[in-house]
Amino acid sequence: MDNLLLIVVGVAVILAVSYAIFNYFCIKKLEEGTDRMGEIAGAIRIGANAFIRYEYKLVAIIGSVIAVAVFLVISWQAAIAFVIGAVMSAAAGWIGMKIATYSNVRVTNKARETGDLGKTLKVAFKGGSVMGLCVAGFALLGVIAVYCIFGLAAGQIKDIAEGTIGKNFITGLDASFTMTLSGYALGCSIIAMFNRVGGGIYTKAADMGADLVGKTEAHIPEDDPRNPATIADNVGDNVGDVAGLGSDLLESYVGAILSAVMLACELFMHDAFTDTAFLNRMLLFPVIFAGCGLISCVIGISYILIKPRLSKNVHMELNIATWISAGVTIAAGVVLSWFMFKDIPAETLKLADVGFRVGAFSPWLAAVCGIIAGIVIGIISEYYTSYDYKPTKNIAQSSKEGPALTVTQGLATGMISCMLPVVVLAIAIFASYQIAGMYGIACAAFGMLSFVASTVSVDTYGPISDNAGGIAEMSGLDPSVREITDKLDSVGNTTAAIGKGFAIGSAAFAALSLMTSYLYAFTETNLLLNLIDPLTLCGALCGAALPFMFSGMLIQAVAKAARKMVEEVRRQFREIPGLMEGETMPDYKTCIEISSQGALKEMRIPCIMCILFPIVTGFIFGPMFVAGILIGATVAAIMLALFCGNAGGAWDNAKKYIEAGGVEGEQKGSAAHDASVVGDTVGDPLKDTVGPSLDILIKIMSTVSLVAVVVFSKYNLFGVIFG
């Protein structure tokens with residue numbers, strides 16, 4: 001079976017990374033267009049490179065401190081795995097950002113040269129596919145490296161099977177394979193948090209500054225070259241919506257896969273079953289299933305890139321690519337599940353603590369529950385965020401009455417949109433548990449993200465198209481070019497909302513699986529979490545408040561940076577002679593510096609807080625209080641993330657609906673359009689900073705807690721005082 005892992009996952013990783021490299025150089029071979037287009041794209045590229053270098057320096061310092069702490073307290077294996085995870089996540093974000101800064105201007109040029117929507121879509125999607133393939137390819141490369149180096153070569157899996165788990169050389173605590181896997185997941189999570197939060201603050205500060213002054217005060221078009229914040233806005237798309245997105249989804253993907261592997265280890269170590277062959281299959285199945293999913297994604301992505309001529313229905317073409325990936329993954333999964341579990345005795349499969357109630361097909365059916373739930377949540381998100389449907393149209397219509405009703409209608413839409421996705425999640429959780437127990441819930445998590453390469457490719461094409469539109473505007477190209485890029489960008493807003501639904505849904509599944517591993521880490525048999533116990537209940541209340549505090553800190557950070565940006569844009573409009581007449585160029589560099597400094601300064605406290613909060617409270621109140629925190633934070637974060645993503649996407653597309661002439665008598669520059677810009681500005685930090693960061697919040701807290709509980713379950717102040 002170990003050979004099957006190496007063959008399937010090895011082929012998948014090689015195929016995905018090779019395809020990404022091929023697409024990368026295909027993009028670079030394309031022409032950039034006019035000198036002015038190349039100059040603007042170069043400025044965006046320089047700004048993005050500068051920011052991510054500074055950010056990675058800061059993250060390297062914090063990551064080094066965490067790696068040393070893990071080495072001293074947990075194990076050297078976990079510390080090395082942490083570094084591997086951080087490197088994989090950082091590399092995916094870096095490469096995705098690089099290809100986005102090369103793709104944007106080439107998308108603009110393709111639209112300029114051909115005027116063809118389908119050909120332009122191919123270029124944008126090819127750029128996005130580099131990120132998608134690298135996210136899944138690097139994630140699995142790291143997983144297989146950790147599995148082979150520590151699980152097989154260092155004998156940690158054998159130690160679990162034989163009950164001879166090693167000890168930390170300082171603390172004497174268990175240094176099991178579960179802790180090593182947690183280290184890898186934690187490394188991915190740290191990079192994802194800083195990329196998402198830092199990039200989100202950067203992009204939204206620039207975007208809000210550009211919109212509030214440029215659109216609503218100066219009444220100049222979006223991405224007008226006279227607006228000093230336009231370059232910073234486009235840089236932000238790359239560092240936030242591309243690099244941040246890539247690290248985010250890689251972290252979600254890794255967390256979903258490893259939650260199942262860690263749970264299998266904990267179930268075996270706590271005598272839920274004793275068959276070592278069954279253990280080996282449960283460890284391998286999530287990773288090999290993910291490998292099959294990655295191969296399926298290569299097929300789905302190729303549909304768009306190889307098809308001779310794409311239709312003008314961009315959304316349909318992107319959906320077909322995703323459906324192909326999902327369909328092939330499901331077909332491969334059923335064969336894999338039967339092949340891996342057909343030889344396991346029925347009495348072992350049906351043990352109470354494992355609960356494979358449909359025999360060898362149980363893990364596959366549980367994974368299918370996750371896939372179906374992800375697709376349904378995506379459809380629901382599309383309904384609430386696309387301007388083809390009533391909720392977003394209602395927001396656009398309410399803009400005729402002013403900004404207050406625009407904001408009010410958007411808030412209502414976002415809140416209402418939480419119910420159906422949560423019902424879908426609840427049904428999927430219950431169904432997957434009935435099919436394969438807690439392991440089934442973990443299977444649903446990696447099933448939902450098994451075709452992540454396709455979903456990230458679709459997501460990344462959106463900010464690339466957005467940048468392409470900005471370059472077209474700033475280069476003074478024919479309006480028809482901007483029309484093509486705007487059509488691509490509008491679909492990108494909806495696909496981004498769908499992708500965020502997948503991320504938060506998988507986070508819910510993974511958090512539940514990690515909770516079981518967390519409880520097993522400090523209890524032998526009793527896995528009951530008594531929510532009416534005062535200590536646990538207090539933890540749940542504090543945990544439920546934490547996502548709101550975290551979100552408020554992020555919004556406040558965006559507001560601080562945006563305020564400085566607004567002041568700078570106003571100053572330049574007021575003090576630079578001939579700027580509004582187009583006779584002189586603005587000072588783009590100062591605006592880039594404002595966004596960079598604001599993001600780097602403001603991201604530290606929220607990111608460090610979510611790492612330290614469960615550790616500090618654990619050492620004070622003990623493991624049951626932290627268990628309550630994890631439950632409360634997970635429930636609150638799911639609702640808040642859905643609300644933020646859907647409300648923000650609906651506000652954005654309501655604005656685009658007015659710009660496309662969807663509201664009779666209204667257009668760019670009208671009072672209704674100004675009101676919709678205000679709504680979009682309110683939604684910007686919600687959908688692109690807060691919402692995407694919340695799924696990382698609950699997974700990073702779960703992972704940190706799982707790593708640290710072996711220490712604070714034995715040494716905590718509450719235990720010392722009350723025994």
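Guide: Rings of Phe, Tyr and Trp (its six-membered ring) pair if their centres lie within 6.5 Å; planes under 30 degrees apart count as stacked, over 60 as edge-to-face and the rest as tilted. The model is predicted: local features need pLDDT of at least 70, side-chain atom pairs count only at pLDDT 80 or more, and totals for chains, interfaces and linings use all residues. Residues are numbered from 1 along each chain as its sequence is written, and side-chain values use heavy atoms, with hydrogens and water left out.

Visitor: Which residues form one aromatic cluster?

Guide: Phe278, Phe285, Phe289, Phe341, Phe356, Tyr439 and Phe446.

Visitor: How many aromatic pairs does the structure hold?

Guide: There are 20. One of them is phenylalanine 278 with phenylalanine 341, edge-to-face at 6.1 Å between centres and 80° between planes.

Visitor: Why does that pair tie together parts that are apart in sequence?

Guide: Phenylalanine 278 is in helix α8 (residues 276–306) and phenylalanine 341 in helix α9 (residues 314–341), so the parts joined are 63 residues apart in sequence. Helices are DSSP runs of H or I, at least four residues, numbered from the N terminus.

Visitor: Is phenylalanine 278 buried or exposed?

Guide: Buried, at 0% relative accessibility. Buried means under 20% relative accessible area, exposed over 50%, partly exposed in between (1.4 Å probe, protein chains only). Phenylalanine 341 is also buried, at 0%.

Visitor: Different topic. How many residues of α7 are buried?

Guide: 39 of its 40.

Visitor: And what follows just after α7?

Guide: Aspartate 271, with a positive phi of about 65°.

Notes. Helices (H or I, at least four residues) and strands (E, at least two) are DSSP runs, numbered from the N terminus.
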